[in-house]
Amino acid sequence: MTSDIRKTLAGGIFSLGLALTLAACQTTYSGNLSNLEIESRTALKDGHLELAYRLTSLLVARFGPSPFALNQMALIQTRRKNTEAAFRILSQAHRLYPSEAAITQNLAKIELTRGATEAARHILHPLVSGKRWPEGFRTLMGRIDIETGHLAEASIFLHEALARHPDNPLVLANMGLLNERLGRSKKARRDFQKAEALAPDGPLRSHLLALIRTTVP
């Protein structure tokens, strides 16, 4: 398999991971700041993109472009598959709120999907020294380190992620990619097979099946 094809398959793994890390919550709506945020989260979680968009637009109109509102609007655009719009929103949000971990992480994810792996690593690296990391940070940082050739660092992040989530198919898939880069084809294949067995039907499972077929037994 050519490196371009493998990168395409590997990219599908990350793209699904991006969808799996979007926000969720419960709510009732009263029109104040807190309830507007909760209602918008719930609408996005339930797949009501237009409602989520209207609520977030109302949030911005009433209370200004907060970190939550900007990040939420970018997530809505991501769900709409309008990656460029999401990228523009997150780039501006990151300039306004450089210390907001959720914005930083989501911007790095989009840079990775755009193929700008060094930019993604540069954006995310300031979070490394933080005492608390957002959900999914270890897996994302591990994936970025794989793509930028920092395999020792990738191994640390992914082993920590695996220790916390041993049955997470996305973590296992990235462990397989790491082991493949390290020349451990048999171990990579086992990781892909375990991830495939745990993954629900959908894009991630399809990409894993393709990787299994092209990995040396």
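## Around helix H6

H6 itself covers residues 101–113; helices here are DSSP runs of H or I at least four residues long, strands are runs of E of at least two, and both are numbered from the N terminus. This is a predicted model, so local features need pLDDT of at least 70 and side-chain atom pairs count only at pLDDT 80 or more, while totals for chains, interfaces and linings use all residues. Residues are numbered from 1 along each chain as its sequence is written, and side-chain values use heavy atoms, with hydrogens and water left out.

How far apart are the end C-alpha atoms of H6? They are 19 Å apart, which agrees with the 18 Å that its 13 residues should span at 1.5 Å a residue (the expected span is 1.5 Å times one less than the number of residues). Ten of those 13 residues are buried, so H6 is largely enclosed by the rest of the structure. Buried means under 20% relative accessible area, exposed means over 50%, and partly exposed is in between (1.4 Å probe, protein chains only).

## The ring cluster

The structure holds three aromatic pairs. Rings of Phe, Tyr and Trp (its six-membered ring) pair if their centres lie within 6.5 Å; planes under 30 degrees apart are stacked, over 60 edge-to-face, and the rest tilted. Tryptophan 133 makes a tilted pair with phenylalanine 137, at 4.6 Å centre to centre and 40° between the planes. Tryptophan 133 also forms a tilted pair with phenylalanine 157, 5.7 Å centre to centre with 55° between the planes. Since tryptophan 133 lies in the loop between helix H7 (117–124) and helix H8 (137–147) and phenylalanine 157 in helix H9 (residues 151–164), the pair ties together parts that are 24 residues apart in sequence.

Ring pairs link Trp133, Phe137 and Phe157 into a cluster. Is tryptophan 133 buried or partly exposed? Tryptophan 133 is partly exposed, at 24% relative accessible area, whereas phenylalanine 137 is buried at 0% and phenylalanine 157 is buried at 9%.

## Charges over rings

Arginine 80 has its charged end over the ring of tyrosine 53, 4.5 Å from the ring centre. Arginine 114 does likewise with phenylalanine 87, at 3.7 Å. To count, NZ of Lys or CZ of Arg must be within 6 Å of the ring centre and within 35 degrees of the ring normal.

## The whole chain

The chain has twelve helices and zero strands. Of its 217 residues, 45% are buried.
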